[in-house]
Amino acid sequence: MKTIVPCPTCGESEDTPTLFFADYYDDHTIRAQCPLGHPVVAIVQNPKFETLLETGSDSLVLGQTLQASAAFSSARERAFEFATQVLLRRLGISRDVYRAMFKDMSSQSERQLGAFLTAHLAVTKTAFTLNQSIPKFRNNVIHKGKIPPPDEALSFCSSVFDEIRLVCEVLRAHCREQIGAVILEKNSDRVRDLKGSTRIATVSLFSIYSITSDPTPDSFESALEKYREWKQLFSENSVSSLMYFLQKNHKKQENS
Ligand SMILES: [Zn+2]
């Protein structure tokens, strides 16, 4: 996984920090050197489900339908996990108690789904309606290796995106404070795991969806189109183009 990173050392001497592209993996941690040779350590601070949505979107853009469907499916499961943690925090359950419970369901997605549905009910007093078409398609891809045609993959990813967005809207409506607390705790863990590093930068992905950003996308199609536009600039590997794009979006948000 690649993302764009600012160099804090360059940032001390220039008006705009030097930006460059670096790899990160499951620990959401970047250890790299900027183009001028400064060592850079950074944390990608997005929740895991947003990272998986990004890699799924990358696959969609490239026409890799199986990989896209698999990544979106994983994003859905991690979104339920994240939501359960946030909802239980809203109910006063501490992180340690949550972890003690979760270890008995960490390898079983059906148990995790049941925990989410129950926690959702406890907080909102309403039942969450799952999209029943998602598991069948997902099982054909994950367990039978089905390589879906583009239209089916796009439709599946759109359904998953809508369900994740629905879950996130519940959290944004009922648990704003707890969303930030859970994300902050996770990133504190990542920083703690970087013991010995004195200067750690933070990075936010240009993800297809961000639970902490406003406004949220109107639809999957508009979100994917915006992401595709960003990837086209990314593939040119041109920092100046990227900076222009970011400034343009900043102005749009200011005017909205
Ligand atoms: Zn530098």
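Select helix H3 (residues 65-90) and helix H4 (residues 95-102): they pack at an angle of about 140 degrees, with their axes 10 Å apart. This is a predicted model. Angles over 145 degrees would count as roughly antiparallel, and H3 and H4 are therefore oblique to each other. The crossing of H3 past H4 is right-handed.

Now show the side chains at this contact. On H3, pick Arg78, Glu81, Thr84, Gln85, Leu88 and Arg89. On H4, pick Arg95, Tyr98, Met101 and Phe102. Color the H3 contact with H4 by class: four residues are nonpolar, two polar and four charged.

Next, the core. Select Phe49, Phe82, Leu171 and Ile211, which have the most contacts inside the largest nonpolar core, a set of 45 residues. Helices H2 (48-62), H3, H4, H5 (109-124), H6 (133-142), H7 (150-174), H8 (176-193) and H9 (220-235) each supply at least two residues of this core. H3 gives the most, with ten residues.

Then turn to the backbone. Most residues other than glycine have a negative phi, and most peptide bonds are trans.

- Go to the loop between strand S5 (201-203) and H9, where Pro215 is found. The peptide bond from Asp214 to Pro215 is cis, with omega near -10 degrees.
- Go to the loop between strand S2 (19-23) and strand S3 (29-33) for His28. Its phi is positive, near 55 degrees. His28 counts as buried because its relative accessibility is 1%.
- Finish in the loop between H5 and H6, at Lys125. Phi of Lys125 is also positive, near 65 degrees. Lys125 has 65% relative accessibility, so Lys125 counts as exposed.

Definitions and conventions. Residues are numbered from 1 along each chain as its sequence is written. This is a predicted model: local features need pLDDT of at least 70, side-chain atom pairs count only at pLDDT 80 or more; totals for chains, interfaces and linings use all residues. Side-chain values use heavy atoms; hydrogens and water are left out. Axes are lines fitted to C-alpha atoms, for helices over the stretch in contact, and angles run from 0 to 180 degrees between N-to-C directions. Helices (H or I, at least four residues) and strands (E, at least two) are DSSP runs, numbered from the N terminus. Angles under 35 degrees count as roughly parallel, over 145 as roughly antiparallel, 65 to 115 as roughly perpendicular and the rest as oblique. A crossing is left-handed if the near helix is turned anticlockwise from the far one by less than a right angle, and right-handed if clockwise. Contact means heavy atoms within 4.5 Å. Ala, Val, Leu, Ile, Met, Phe, Trp, Tyr, Cys and Pro count as nonpolar, Asp, Glu, Lys and Arg as charged, and the others, Gly among them, as polar. A nonpolar core is a set of buried Ala, Val, Leu, Ile, Met, Phe, Trp, Tyr and Cys residues joined through side-chain atoms within 4.5 Å. Buried means under 20% relative accessible area, exposed over 50%, partly exposed in between (1.4 Å probe, protein chains only).
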